[in-house]
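Visitor: Please put the model up. I would like to ask what stands behind the words used for it.

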Amino acid sequence: MSLSAAQSSYTSSRRRRPAEHDQDLPQEHDPQASLDHEQFHDRLTNPTDTPSTNHSICPALCTTKCMPAHTCQSHHAYDESWEEIQSKRTIRAENEVEANKLVNNYRFGFRKWKSHVTERPFEVRSEVVKELYSELNVIKPNSGHLITCGNVAYVLLFGWWISLAYFLIGLFMFITITGVPYGKLCLKLSCYFLWPFGKSIHEIGKTLRICCEQAPDCECDLERTEDDSPVLLPSPTDGPVPELPGRPLRTPYWHRFSTYVWLLLGYPPLVVIHSLACFISWILVFTIPVSKMNARTLGVILVLAPEDVSITSCTQRKHQIYETRALLCCYQATNWYYYKYTVDGINVFAVNLLPLVIVAIVIGYIDRENQYASSDVKFAIAICSIIPLSYYIGMGIASISAQSNFAVGAVVNATFGSITELTFYITALLRGHRAANPCLQEVVKAALTGTLLGCILFIPGVCMIIGGLKHSEQRFNSRSTGVSAALLFISVGGVFAPTLFSKAYGSLVCDACANSSGGNSSGAFVCHNCHYDLNNGTLFRNHVEPLVYTVSALLPVAYIIGLIFTLKTHSHIYDIHVGGGQENGPHGAVVHWSRWRSLVILIMATVLTSACADLATEHIQPILNQPNVSQYFIGVTVLAMVPEIPEIVNGIQFALQNNISLSLEVGSCIAVQVCMLQIPILVLFNACYDVGFVLLFSDMHLWASMFSVILVNYIFMDGKSDYFQGTALVVVYLILLAMYFFAPSPTGC
């Protein structure tokens with residue numbers, strides 16, 4: 001079987017595969033995900049699939065007695081074909097913009113983004129996702145049970161106090177006499193909100209209302225809907241119903257005194273009740289149906305005339321023959337798939353964390369004396385507020401890149417891709433320089449090292465574990481990963497070159513040395529706080545500092561060469577092409593954010609990130625002063641990994657979709673940007689405005705980073721991953737964290 005035949009057979013089989021019914025994510029596929037290694041071997045060695053044999057593949061090796069000629073040919077074709085197919089990727093997208101975003105994920109220097117940047121057609125989405133965006137105003141047949149853990153939890157968390165509030169307000173409306181109709185409505189809603197599942201609220205139409213008003217002895221029952229009396233059916237041929245003599249006309253809604261009594265006395269407390277329930281249920285995410293139910297009740301049902309509201313059982317609405325409009329119907333209070341829910345393209349978790357930004361800025365800049373919140377609380381809120389801002393920055397970068405050419409995308413990724421980390425580092429260096437506090441400089445170096453370790457060990461390790469537990473063994477393009485690994489070697493070697501140079505030529509100086517044997521001069525000496533002194537002599541000014549500037553100039557050049565290599569001259573290494581599945585033309589895509597909107601959001605998010613970073617560095621000192629926690633540990637964990645949480649989530653989502661290649665590229669891309677862009681920018685900033693930042697790291701930073709790079713490259717050599725390899729990376733990462741936790745604080749802190 002020839003290589004081209006194998007590739008065509010693989011591509012056709014890929015396009016025939018249906019998507020999973022509950023998969024509502026971009027359709028990115030690695031060929032390794034669908035073509036097993038052994039299956040591919042069988043396909044090449046099966047005689048029924050190889051009617052013709054080409055003996056020119058291995059003419060020399062096929063002469064051995066231990067291997068037949070056709071077996072040798074098949075094995076060589078297998079090895080060559082597998083390596084080629086291993087590097088192919090077929091991408092299916094709904095439109096051109098989405099295809100550009102998916103292709104950018106495989107490009108070096110581009111941020112890997114999982115979420116859609118365009119609106120997906122609602123009709124092509126799965127039923128599970130359609131249910132997430134339902135407004136609860138459509139009555140659907142219920143195939144499940146109403147008594148579930150989620151519904152019982154609703155009663156315990158929300159139902160009882162909402163029902164009690166309606167009961168008390170109903171009694172109060174009865175006391176006002178004029179509000180009796182609203183009191184009856186509140187009592188009905190009190191029973192409804194105690195257990196709303198399987199019940200529906202309807203707005204009664206004009207025909208049914210006229211029937212009941214003009215025929216007091218009418219047999220229609222507003223609480224029953226199984227009666228199929230034709231008098232209740234609206235008919236276009238019916239003329240206006242004649243008014244009955246002596247029957248008062250229906251007073252318009254805004255002409256009633258009871259309406260104003262309700263809006264002044266009964267409605268305001270319910271606004272508070274429903275708003276509180278709506279907020280709590282929205283923050284919990286998985287109870288968003290409860291939030292929708294409260295919002296719809298507050299905005300629609302409670303502003304209707306009480307006689308227009310009918311509460312019935314959903315099972316009695318099988319034959320809807322009355323002129324009514326469904327307002328609310330809910331069967332389940334929880335839905336575990338709401339982790340996929342998005343608001344304007346932004347995941348609901350990021351949306352829920354966005355108010356933390358406002359809270360952090362308000363309490364940080366107003367409560368300067370820490371009267372209402374301590375420094376620890378302000379620091380925690382400021383750090384957590386960076387998470388949603390990082391997500392918005394990532395969405396803005398992906399949107400602009402998907403709607404622009406690769407040159408613009410590369411520039412945007414290079415400038416805004418590291419803006420969150422750079423903002424924090426520069427803010428910390430400025431504050432440490434103004435306060436003459438060298439500890440913040442060491443914290444910045446620890447954060448830089450922690451980002452390297454997390455991106456090299458933790459992110460790939462977690463993705464391997466989660467992906468391996470679901471897919472057993474995953475494969476990735478070892479050649480394209482080798483490009484990132486080579487750049488990682490170059491970047492880490494360049495960053496730590498000044499440190500190695502200083503240790504080779506610097507003078508070891510100790511603060512205090514004492515003879516361990518008392519007065520005996522021949523005894524051993526014990527020295528404390530030993531370090532390499534670069535201030536004495538001309539070593540630093542004449543040798544180390546020029547080396548730092550040289551390395552800082554060469555690293556961005558290497559980054560640009562990597563971009564040219566992977567995007568232009570050797571783009572065939574990735575060999576990405578868009579396959580079938582495009583349903584909309586390039587002009588039919590509706591993007592969540594336009595380029596200008598994305599740019600405005602990027603700028604706003606950058607400004608807010610600067611403010612939050614300033615607050616975090618302002619209130620970090622009490623945490624650094626904790627005697628039981630090393631300052632190294634705070635830098636390599638909290639300050640390093642919190643801004644990378646959106647990237648960790650993206651990597652895990654890629655791994656769950658059996659696209660481990662992108663999961664590994666997520667960490668490598670960040671690590672390369674830290675070394676080749678962020679650190680040179682910090683050196684350039686220090687050259688323009690001296691804040692005391694010196695590109696010299698401690699021994700622990702040096703050897704931990706070097707060991708991590710060597711380890712991860714060893715694991716990536718075979719092009720395969722499983723949960724055991726991921727566990728090894730995570731365990732090594734935790735061991736390094738333990739070392740930082742028990743390490744003494746930096747000198748002078």
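Guide: The protein chain exposes about 34,400 Å², by the Shrake-Rupley method with a 1.4 Å probe, where only the protein chains shown count as cover for residues. Carbon and sulfur atoms supply 64% of that area. This is a predicted model: local features need pLDDT of at least 70, side-chain atom pairs count only at pLDDT 80 or more, and totals for chains, interfaces and linings use all residues. Residues are numbered from 1 along each chain as its sequence is written, and side-chain values use heavy atoms, leaving out hydrogens and water.

Visitor: Why is Ile283 called partly exposed?

Guide: Buried means under 20% relative accessible area, exposed over 50%, partly exposed in between (1.4 Å probe, protein chains only). Ile283 has 37% relative accessibility, so Ile283 counts as partly exposed. Ile283 lies in helix α10; helices are DSSP runs of H or I, at least four residues, numbered from the N terminus.

Visitor: What makes the largest nonpolar core?

Guide: A nonpolar core is a set of buried Ala, Val, Leu, Ile, Met, Phe, Trp, Tyr and Cys residues joined through side-chain atoms within 4.5 Å. The largest has 108 residues. Helix α17 gives the most to this core, with 15 residues.

Notes:
Helices (H or I, at least four residues) and strands (E, at least two) are DSSP runs, numbered from the N terminus.
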